[in-house]
Amino acid sequence: MDKYLLPDKSASETNLARDNMETTPPNVFRRGKRGRNEDWEAEFSIFKEEMKEVMGTLMAKQEAEFKKFFNPTLIEIQKTNQSIENSIALLMSTNEELTKRVEQLETQKKRIYIHCDIHTFYIHCIYIYTLDCEYIYILENRIEDIQRTDRKNNIEVKNVSKGKTESKEDLIDMVVRLGRTIDCNITQSDVKDIYRVRGKKEGQTNTPIIVEFSSTILKANVLKMSRARNIKHKGKLCAKHIGFTKNEDTPIFVAEQLTIKGSRLHYLARDLAKSKDYKFCWTSYGRVHVRRNESSPIITIHSEDQVNNLMQAS
C-alpha cells in the first residue's frame with residue numbers, strides 16, 4: 001500500500017521549473033507530469049474496483065450459505081402450502097357435496113313433513129268423523145226417545161177410506177165404534193186428539209188415522225183387545241166395525257204409532273221373521289221385538305245393522 005501513500009512534501013513550482021530546464025535537452029519535446037487530482041482519481045477507481053470484487057465475493061458466499069440453509073426450508077414450505085391447497089380444495093369439494101346432501105335432506109324433510117301433515121290431518125279427520133258419528137248416533141237416539149215418548153199414547157188405524165166430507169167428530173165416532181167392537185170402553189173424552197195423515201201421493205184416500213188417547217193404559221188396552229178380537233174371531237177387523245156401509249169387508253189394522261226409524265225397523269224385523277223362521281215379531285211401547293220360539297230369548301231390535309247381523313248369523 002506504500003505506493004498509494006502521498007509524499008510528505010511536494011516540490012515547489014520554482015524548483016520544478018529549474019529541474020526541467022537543467023535536465024531537458026534542447027529541441028526535445030517533454031511531456032508534462034500529471035497533476036495531483038488525476039493521481040487521486042486513478043487511485044480511487046482502483047480502490048473502487050477492488051471493493052466491488054470484495055463485496056461480490058462476500059455476497060456470493062452469503063448467497064451460497066443462504067441457499068444452503070434456506071432452500072430446504074423453502075421447499076418444505078412450498079410442499080406444505082401445496083398440501084394445504086389440496087386440503088382446502090378437498091374441503092371445498094366435500095362442503096359442496098355436504099351442501100347438496102343437506103339440500104336433499106331438507107327437501108325430503110319437507111316431503112316427510114307434508115306427508116306427516118297429510119297423514120295427521122287424515123287421522124284427525126277420521127277421529128273427528130268418528131266422534132261426529134258417535135255424537136250423531138247419540139243425538140239420533142235422543143231424538144228417537146223424544147219422539148217415542150210423544151207417541152206413547154198414540155195408535156194408528158190403517159187402511160180406512162176417506163169420505164168426501166170428513167171431520168174430527170166423524171173420526172172420533174169411528175174410534176168409539178171400534179171400542180164397542182173390541183169390547184173396550186172408549187168415550188169421546190178419552191180421545192185427546194185425532195187426525196188423518198196427509199198422503200205422499202196426490203189423491204191417496206186411505207192414509208192412516210192417528211188417535212192420541214188420554215192415557216197410555218187405554219192405548220195399551222185398545223191394542224191388546226184388537227189383537228185378541230182378531231185371534232178369537234175368524235172375521236178380522238174391517239170397515240163395517242167402524243161404521244162404514246160401503247166396502248164393509250175392507251180390512252183395517254190397528255197398531256201403535258211408531259217413529260220413522262221404528263217403522264223401518266219393524267219392516268226389517270218382519271222380513272227377518274219370514275226369512276229366518278222367527279215365530280214372533282211385535283212392537284211394544286214404540287220398540288220392536290222378535291223371538292224365534294217360546295223358549296228362546298226376546299231380542300229387541302235397535303238398528304238395521306243388528307238386523308243384518310241376525311240375517312247372516314241365522
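Trp40 is placed in helix 2, which spans residues 36-150, where helices (H or I, at least four residues) and strands (E, at least two) are DSSP runs numbered from the N terminus. The model is a predicted one, in which local features need pLDDT of at least 70 and side-chain atom pairs count only at pLDDT 80 or more, whereas totals for chains, interfaces and linings use all residues. Residues are numbered from 1 along each chain as its sequence is written, and side-chain values use heavy atoms, with hydrogens and water left out.

With a relative accessible area of 56%, Trp40 is exposed, the classes being buried under 20%, exposed over 50% and partly exposed in between (1.4 Å probe, protein chains only). Together with Phe44, Phe47 and Met51, Trp40 forms a nonpolar surface patch with about 460 Å² of accessible area. Patches are made of residues with over 30% relative accessible area and no salt bridge, nonpolar side chains (Val, Leu, Ile, Met, Phe, Trp, Tyr) being joined within 5 Å and like charges within 9 Å; the areas come from the Shrake-Rupley method with a 1.4 Å probe, and for residues only the protein chains shown count as cover.

Nine salt bridges were counted, each defined as a side-chain nitrogen of Lys or Arg within 4 Å of a carboxyl oxygen of Asp or Glu. In one of them, the closest N and O atoms of Arg148 and Asp145 are 2.7 Å apart; both residues lie in helix 2, three residues apart, about one turn of the helix. Arg148 is buried at 15% relative accessibility, whereas Asp145 is partly exposed at 36%. Another salt bridge joins Glu166 to Arg196, with the closest N and O atoms 2.8 Å apart. This pair links distant parts of the chain, 30 residues apart, with Glu166 in the loop between strand 1 (154-158) and helix 3 (168-181) and Arg196 in strand 2 (residues 191-196). Glu166 is partly exposed at 26% relative accessibility, while Arg196, at 13%, is buried.

Strand 5 (residues 280-284) and strand 6 (residues 287-291) pair in the antiparallel sense over five bridges, pairing being assigned if DSSP finds at least two bridges between two strands. These strands form a hairpin with two residues between them, and Tyr285 in the turn has a positive phi of about 55°. Ser284 has Arg287 of strand 6 as its bridge partner. Strand 6 also pairs with strand 7 (residues 299-301), in the antiparallel sense and over three bridges, with Val290 opposite Ile299 of strand 7.
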